[in-house]
Amino acid sequence: MTSRIVESVLTEAKNHAAKKVLEVHITIGEFTFLNPEQVSFWYGILAKETPMEGSRLVITKKTGVLSCRSCGHLGSTDKDDDPSYHFSTPVFICPNCSQRLEIKEGKECTITKVRLMRS
Ligand SMILES: [Zn+2]
């Protein structure tokens with residue numbers, strides 16, 4: 001996941017003939033199950049010896065949306081502090097009708113802003 005971010009930013013930098021990447025803003029959906037600390041760590045490693053080296057990574061977490069097919073219930077989760085949350089895909093149950101909820105939003109990881117330094 002992080003390598004894809006780095007690749008996209010490098011392509012972007014190349015397209016704009018940028019000399020250096022100064023800052024990268026990304027939004028991580030809750031259900032990507034990415035740990036921002038790990039993303040930062042890998043980012044630092046992957047950015048080495050590229051125009052991205054030394055750039056600042058700003059991570060914003062986005063709360064996901066769950067929806068129920070049976071009753072149309074829309075909700076989010078408060079499982080954020082559960083330590084097991086990052087290691088397995090949890091199953092969410094609808095509070096209204098006890099059906100399994102499906103993930104509607106929050107599986108995406110997007111680059112929202114890139115600051116470049118032109119030569
Ligand atoms: Zn329901």
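**Close-up views of a predicted model**

**View 1. Strand β2 joins β1 through 7 bridges.** β1 and β2 (residues 56-62) run parallel, with 7 bridges between them in this predicted model. Glu23 stands opposite Arg56 in β2. From β1 the chain passes through α2 to reach β2, and this β-α-β crossover is right-handed. Helix α2 lies across β1 and β2. Its run makes about 155° with β2.

**View 2. The open sheet has 3 strands in the order β2-β1-β6.** Its pairing is mixed. The edges are β2 and β6 (109-118), each pairing on one side only. From one strand to the next, the twist averages 15°. In general, strands of a sheet pair through backbone hydrogen bonds, in parallel or antiparallel fashion.

**View 3. β1 and β6 pair in the antiparallel sense.** The pairing spans 9 bridges. Within it, Lys20 has Met117 of β6 as its bridge partner. Helix α1 (residues 2-15) packs on the sheet and touches both β1 and β6. The direction of α1 makes about 40° with that of β6.

**View 4. Phe31, Phe33 and Phe92 form a cluster linked by ring pairs.** The structure holds 3 aromatic pairs. Phe33 sits in the loop between β1 (18-29) and α2 (36-47). Its phi is near 55°, a positive value in a residue other than glycine. Most residues other than glycine have a negative phi.

**View 5. Ser98 has a positive phi, near 65°.** Ser98 is a residue other than glycine. The loop that holds Ser98 runs between β4 (74-75) and β5 (102-105). Is Ser98 buried or exposed? Ser98 counts as exposed because its relative accessibility is 54%, above the 50% cut-off.

**View 6. Ser67 is a buried residue of strand β3.** The strand covers residues 65-67. Ser67 counts as buried because its relative accessibility is 12%, under the 20% limit. Which residues does Ser67 touch, not counting those up to four places away in sequence? They are His73, Leu74, Leu101, Glu102 and Lys104.

Notes:
Residues are numbered from 1 along each chain as its sequence is written. This is a predicted model: local features need pLDDT of at least 70, side-chain atom pairs count only at pLDDT 80 or more; totals for chains, interfaces and linings use all residues. Side-chain values use heavy atoms; hydrogens and water are left out. Helices (H or I, at least four residues) and strands (E, at least two) are DSSP runs, numbered from the N terminus. Buried means under 20% relative accessible area, exposed over 50%, partly exposed in between (1.4 Å probe, protein chains only). Two strands pair if DSSP finds at least two bridges between them. A crossover is right-handed if, with the strands pointing away from the viewer, the path from the first strand over the helix to the second runs clockwise. Contact means heavy atoms within 4.5 Å. Rings of Phe, Tyr and Trp (its six-membered ring) pair if their centres lie within 6.5 Å; planes under 30 degrees apart count as stacked, over 60 as edge-to-face and the rest as tilted. Axes are lines fitted to C-alpha atoms, for helices over the stretch in contact, and angles run from 0 to 180 degrees between N-to-C directions.
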